[in-house]
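Please keep the sequence and the 3D view at hand while reading.

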Amino acid sequence: MADNGEEKLIAVARHIAKTLGRNDNMADDILQIFSNFDGRFREKLGERTGDESTLEQTLRSLDRQISRYVTADHPIWSDSADSSAFLDSVDELVALIRDWMPMAAEKPVAFCLDRAEVLLQQAMFRLEEEFKLLMERGGESFDLTRSGIESAGASANTESDEDDDVLEDEEGEIEIPVANAISDYNIIIDALPSGTINDLHEIAKRMVAAGYGKECSHVYSSYRREFLEESMSRLGLQKLSIDEVHKMPWSDLEDDIERWIKAVNVALRILFPSECRLCDRVFFGFSSTADLSFMEVCRGSAIQLLNFADAVAIGSRAPERLFKVLDVFETMRELMPEFEAVFSDQYCLFLRNEAFTIWKRLGEAIRGIFMELKNLIRRDPAKSAVPGGGLHPITRYVMNYLRAACRSRQTLEQVFEESIVPPGGGDYRKADDRVLSSSLSEQMDWVMEWLESNLEAKSKIYRDPALCSVFMMNNGRYIVQKAKDSELGSLLGEDWVRKHSAKVRQYHVNYQRSSWSKVLGVLKLDNSSLAPNAGSKALKEKLKLFNVQFEDNCRTQSAWVIFDEQLREELKILVLGNVLPAYRNFLGRLQSMPDIGKQADRHIKYSVEDVEARIGELFQGNGGSAGSRK
């Protein structure tokens with residue numbers, strides 16, 4: 001306690017001397033006067049002079065040691081003894097500066113500390129150079145890592161054709177294995193040897209302790225950033241601006257989206273986590289520097305990946321782009337947990353937020369594409385009729401489009417319900433199992449309404465009401481069949497399917513009425529046909545009229561189209577079931593007339609078998625594009 005009291009007394013005396021003295025020399029003179037009154041001041045002044053002498057001697061010694069390494073023309077870390085000695089000297093210099101910094105206001109000490117700071121700066125510059133050399137040499141000696149990345153890139157660009165897995169000649173002598181696509185992303189790449197990482201950590205520890213953490217981080221980030229960018233390039237990812245993406249032909253963009261999906265999976269699940277692990281090891285114990293370095297390493301590549309997804313999101317809303325946009329949306333959704341885990345620190349918050357924003361924007365793009373699909377249907381003009389009342393291209397396009405879209409039903413329901421959860425708000429992969437009428441089903445209803453309205457407008461092009469019914473029957477049947485045997489049907493609901501099946505049956509009836517009712521009317525026997533002489537003449541007139549109308553119907557309708565074989569047979573059976581009995585009855589009545597009798601064959605152009613055969617030839621047209629029902 002006495003020693004502590006003396007120290008306080010000396011400190012107070014020094015404070016008074018400095019306050020009264022105009023400069024350091026005057027302050028020393030005042031302390032000398034104090035020493036005449038108390039011998040303790042004389043002793044302490046003597047100790048102070050000795051301490052300053054020790055500081056000078058220690059600094060000179062460290063200067064000799066450190067300067068020898070600073071000016072060396074060979075890598076210090078090529079010899080473990082040299083590197084250890086150099087680090088020890090740096091540690092001593094840092095400790096020296098730290099210990100004497102409280103007395104920096106004293107001129108002799110300040111002078112020595114200035115020299116020490118200059119020496120420390122030289123040492124830091126040399127450590128920075130050694131840090132660079134270690135990273136370069138470590139990368140070269142561990143080139144297997146880069147080969148691994150290249151293999152990942154090869155697998156990312158491998159087509160799915162099974163025949164391409166192994167190529168060999170007829171004798172089986174040549175075998176060229178092709179890398180399989182990555183399915184397990186649970187891989188961590190050590191991009192530098194363990195020994196090199198330890199050496200880098202020792203250097204980083206000294207540089208951070210000396211206040212040169214940012215410089216160390218910059219050197220580290222620059223080198224690792226180049227490595228990461230090279231790795232991304234090997235995965236086939238080009239550096240494209242948003243404008244360049246928008247100007248690309250769609251077929252090229254489709255290929256780039258496939259490459260992007262594989263690259264972003266490798267980046268978020270392998271490359272970025274590996275870089276994070278490496279940062280943590282090199283800057284162990286300095287979390288802030290590690291986080292800053294990791295952000296600087298990954299920022300450029302992460303922004304490159306996000307910008308591509310953003311370009312897709314804000315690009316064209318053409319309906320044919322839906323499926324690739326869905327692919328990008330689903331990829332972002334699956335990787336959102338990785339974005340949160342990898343970019344979890346304060347420096348990477350902006351990357352995490354940007355990823356979420358772009359993911360939401362992709363959802364908006366999908367909704368916009370559906371709106372454009374409705375507009376496409378609405379604007380599709382009723383220019384010319386499909387030959388033979390066949391299947392219209394817009395029907396085939398829309399139904400196949402919706403069926404394909406429904407393969408991503410859960411994703412679309414998420415998009416239209418706007419149930420995109422913000423970061424930290426839940427499990428991105430968990431689907432809602434509630435049985436509800438989702439807004440996706442409403443979207444499908446609206447699309448179907450637009451399609452039906454469009455088809456009804458197109459049916460009015462046909463002047464023949466029967467052909468109009470055939471057209472609606474063909475397209476209605478196609479719509480119901482495509483809906484019934486797919487996920488689309490469950491979205492639209494059983495009531496919708498029953499309602500539209502009933503519509504198709506009504507088109508049957510309308511066709512029968514408008515096409516064959518006149519023929520059947522001719523064959524109808526009335527009282528005038530029963531009188532012997534007048535009846536015979538009336539029957540012969542009716543027969544002539546039947547022949548004309550029947551011939552006209554068969555000639556016209558043989559070129560009409562019923563795309564569905566079952567529907568075609570159903571219609572023929574319906575016509576036969578109505579016409580044949582009436583015609584058979586009519587012929588029987590004609591042959592029973594006394595004045596015709598055995599001469600009836602002279603008046604009969606079509607036998608019952610002929611009528612059946614001609615009806616069997618109906619609906620043989622190909623209808624142009626309607627010939628295919630796919």
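Is F550 buried or exposed? F550 is buried, with a relative accessible area of 0%, where buried means under 20% relative accessible area, exposed means over 50%, and partly exposed lies in between, using a 1.4 Å probe and protein chains only.

## About the model

This is a predicted model, in which local features need pLDDT of at least 70 and side-chain atom pairs count only at pLDDT 80 or more, while totals for chains, interfaces and linings use all residues. Residues are numbered from 1 along each chain as its sequence is written, and side-chain values use heavy atoms, with hydrogens and water left out.

## Aromatic rings

A pair of aromatic rings is described by the distance of the centres and the angle of the planes. Rings of Phe, Tyr and Trp (its six-membered ring) pair if their centres lie within 6.5 Å, and planes under 30 degrees apart count as stacked, over 60 as edge-to-face and the rest as tilted. By this rule the count comes to 20 aromatic pairs. One of them is the tilted pair of W516 and F550, with 6.2 Å centre to centre and 50° between the planes. Because W516 lies in helix 19 (residues 494–523) and F550 in helix 20 (residues 532–557), this pair ties together parts that are 34 residues apart in sequence; helices here are DSSP runs of H or I with at least four residues, numbered from the N terminus.

W516 also counts as buried, at 0% relative accessibility. Ring pairs link W516 and F550 with F546, Y583 and Y606 into a cluster.

## The largest cavity

A cavity is a set of points, on a 1 Å grid over the protein atoms alone, where a 1.4 Å probe fits but cannot get out, and its lining residues have an atom within 4 Å of a point. A volume is the space filled by probe spheres set on the points, which are joined across faces, edges and corners. The structure holds eight cavities of 30 Å³ or more, and the largest has a volume of about 110 Å³.

The lining of the largest cavity includes E452, H500 and Y507. Helix 16 (439–459), helix 17 (465–484) and helix 19 are the elements that give two or more residues to this lining, and helix 17 gives the most, with five residues.

## Cysteines

With a disulfide taken as a pair of cysteine sulfur atoms within 2.5 Å, a search of the whole structure finds zero disulfides. C298 is in no disulfide, and the nearest cysteine sulfur, that of C348, is 7.1 Å away. C298 is buried, with a relative accessible area of 0%, and C406 is buried with 3%.

Notes
1 Å grid on protein atoms, 1.4 Å probe; cavity = no way out; pocket = protein on both sides within 12 Å on 5 of 7 lines; lining within 4 Å.
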